[in-house]
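Reader: I would like to go through the side-chain features of a model. Please take them one at a time.

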Amino acid sequence: MSEIEKTIPKNSIKNNPKIMRAWAFYDWANSVYSLVITSTIFPIYYSILTTAYEKDEYVKETGQWIKVPVRNLIKIFGKEYQPDAVYGYSLTLSFVIVVLLSPILSSLADTIGNKKSFLQFFCYLGATSCMGLAMFTGMGTVWLGLLFSVTASVGFWGSLVFYNSFLPDIATRDKQDSLSAKGYVYGYIGSVILVVICLVLIQVCAETPKQAAIYTRVSFLLTGAWWFGFSQYTFKHLPQFGQVKDQLPKDLVLLNYKNIFKSHAEQGGFFEVLRDNISFYIDIVKQSFRELFKVGNHLFGDRNLKYFLTSFFFYSVGMQTIFLMATLFGKSEINMAQDKLIMTLLLIQIEAIIGAIFFSWLSKKIGNTNVISITVIMWIGACLAAYYLNKENPNVEYQFYGIAGVIGLVMGGLQAMSRSTYSKLLPTDSMDNTTYFSFYDVLEKLAIILGTFIFATLIEHYNNMRYAALSMTIFFALGLVFVRFVKTKSN
């Protein structure tokens, strides 16, 4: 970044159509991870590869035989666990890593003015990890699958810290709802296109189960390539941001690998520079968590932000956990066929596009908090309906389709409204937007850690997901209560 670019007033790039389009386009690039890896192809692939065999079970109510999967247990430190529970715990681990890293990295970004560089780093980590999932070929390599699943999750969610923090930098408050929704719409459309391509490979081009497995792994390669390739448009047009400070190390060694190979003779030698760097990074770690708690105290000192963030935490426990575990629910609880399950999840994505647009429009009529309240109530209804699903019911698939339709509609609306509502509640033209959104991100990840841990623990204890789905209604209900205390101008 040039010195001229560093000094460009932030207001000069607000509402710039090219910059806003480039920002929204990152959703097009990275959302393929959410659909291919989180929601559809990888969870189904994981379920198939961790299934030992299927047994026949007779259902008296329908007089029919059904197939029930028997799973391979995964041994950890001498104890065996259900594979779905292990998958849930691996997601929990990935979010713990993000929670620990994001305050430190956002503090670094604000200090040395390279917010976009950190966005790129996490983007590339996530994209290459998606490609690494192609090395997961069976129970013998299940740990590779879980490892790359964790690092892909870290890359995706880590990048969102910096991506989301650009929103108040590049758009005025009156534009933030529509721009946030536009990003999600781009993401839903892009991810649907790639999933359709992957399905053609797996369902049409593959003639045998072995070929289908190969094309599934090709899908993971395509996902990483899509994420990496399309993000270049964003990185080309998105400006750097950050409050650049004068007291930087003599050479940033770890963040600029080229400096590692310099002699640094004019600055006292390599070890002198290294000591300067170590001191700098230690100070950054201390400063980042001090700043996080300081920002937290400041945000919770504001009445509206206090109630919104509390509400956001509780309903995020339910929303994000269900989103992450929905595919395994359909596969494990009602043994839904792979093609039907994927088509259902595609329907969710298409409906999410409609939901993001519709609820963005509705927010102009009735206000953001009213829209959030409506979507949370619909989430509660979906959770209750999921609990009462019975795989022995001959109409269970149609019931699942109905629940999926509701989830798709409200998922797009609630995600878009949450991001834009928080952005509009923040101080105008603040230099701390990365830190503010780091706190937002940490809060969301703490919610996911809690949600996935509860979900995985209930699966391990009861050996089914219906109780886990029911438990999420408690968090949605708490989120609904707190959001009703938020008062904004748009209300």
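**Reading side-chain features**

Author: Start with the rings: W23, Y26, Y124, Y163, F228 and F235 are linked into a cluster by ring pairs. Keep in mind that this is a predicted model.

Reader: How many aromatic pairs does the structure hold?

Author: The count is 44 aromatic pairs. One of them is formed by Y398 and Y401, with the ring centres 6.1 Å apart and 80 degrees between the planes.

Reader: Which class does the pair of Y398 and Y401 belong to, and why?

Author: Planes over 60 degrees apart count as edge-to-face. The angle for Y398 and Y401 is 80 degrees, so the pair is edge-to-face.

Reader: Are Y398 and Y401 exposed or partly exposed?

Author: Exposed means over 50% relative accessible area, and partly exposed covers the range from there down to the buried cut-off of 20%. Y398 has a relative accessible area of 59%, so Y398 is exposed. Y401 is at 26% and therefore counts as partly exposed.

Reader: Next, charges. How many salt bridges are there?

Author: In general, side chains of opposite charge can pair when their charged atoms come close. Here the count is 1 salt bridge. K445 and E444 form a salt bridge, with 2.9 Å between the closest N and O atoms.

Reader: Are K445 and E444 buried or exposed?

Author: Both K445 and E444 are buried.

Reader: Which residues form the positive surface patch?

Author: The patch is made up of K18, R21, K182 and K236. Of these, K236 belongs to helix 9 (residues 209–237). The relative accessible area of K236 is 66%, so K236 is exposed.

Reader: What about a nonpolar patch on the surface?

Author: There, I189, I193, I197 and L222 form a patch, and together they have about 280 Å² of accessible area. Helix 8 (residues 173–205) supplies the largest share of the nonpolar patch, 3 residues.

Conventions. Residues numbered from 1 in each chain as written. Predicted model: local features only at pLDDT ≥ 70, side-chain atom pairs only at ≥ 80, totals over all residues. Heavy atoms only, no water. Patch = residues over 30% accessible without salt bridge, like charges linked within 9 Å, V, L, I, M, F, W, Y side chains within 5 Å. Areas by Shrake-Rupley, 256 points an atom, 1.4 Å probe, with all protein chains shown as cover. Salt bridge = Lys/Arg side-chain N within 4 Å of Asp/Glu carboxyl O. Lys, Arg positive; Asp, Glu negative; His and termini not counted. Charge placed at Lys NZ, Arg CZ, Asp CG, Glu CD. Helix = DSSP H or I, 4+ residues; strand = E, 2+ residues; numbered from the N terminus. Buried < 20%, exposed > 50% of the residue type's maximum accessible area, 1.4 Å probe, protein only. Phe/Tyr/Trp six-rings, centres within 6.5 Å; stacked < 30°, edge-to-face > 60°.
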